[in-house]
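Hi everyone, thanks for making time.

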Amino acid sequence: QVQLVESGGGLVQPGGSLRLSCEASKTIYGIDAMGWYRQAPGKERELVAGIWGKARKYSESVEGRFTISGDSARNTMYLQMNNLTPEDTAVYYCKMVIRRTDYWGQGTQVTVSS
């Protein structure tokens, strides 16, 4: 069983940056896809950024501001978030699809406020 542990959330002022990390509990083989999702109060969970093989995709609302990346040596993926706005406030979740099974992190709160 793989566990994903997120870190890096917090309170940041508008225009600031944060980097979220998602570390797997063990070395993983056979990753089909991985991504970052977020859920704001009263809203459905949405895909923010994803990696499928060599392809990366971003939601329109974060395109050009967020960057998803992975470090296989550290079993970790990241979400670099720049130029944050209050609309980015949400709980952020990482997800890995490993041999067609979904694994989720516990979520980390990101609050953008002055």
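What you see is a predicted model, where local features need pLDDT of at least 70, side-chain atom pairs count only at pLDDT 80 or more, and totals for chains, interfaces and linings use all residues. Residues are numbered from 1 along each chain as its sequence is written, and side-chain values use heavy atoms, leaving out hydrogens and water.

So, how many salt bridges turn up in a search of the whole structure? Four, where a salt bridge is a side-chain nitrogen of Lys or Arg within 4 Å of a carboxyl oxygen of Asp or Glu.

Let's go to Asp-88, which is buried at 1% relative accessible area. One partner is Arg-65, with the closest N and O atoms 2.8 Å apart. That pair links distant parts of the chain, 23 residues apart, and Arg-65 is buried too.

Asp-88 also bridges to Arg-38, at 2.9 Å between the closest N and O atoms. Arg-38 is buried as well, at 7% relative accessibility.

Now over to Lys-95 and Asp-102, whose closest N and O atoms are 3.5 Å apart in their salt bridge. Lys-95 counts as buried at 13%, while Asp-102 is partly exposed at 42%.

That's my tour, thanks!

Definitions and conventions: Buried means under 20% relative accessible area, exposed over 50%, partly exposed in between (1.4 Å probe, protein chains only). Helices (H or I, at least four residues) and strands (E, at least two) are DSSP runs, numbered from the N terminus.
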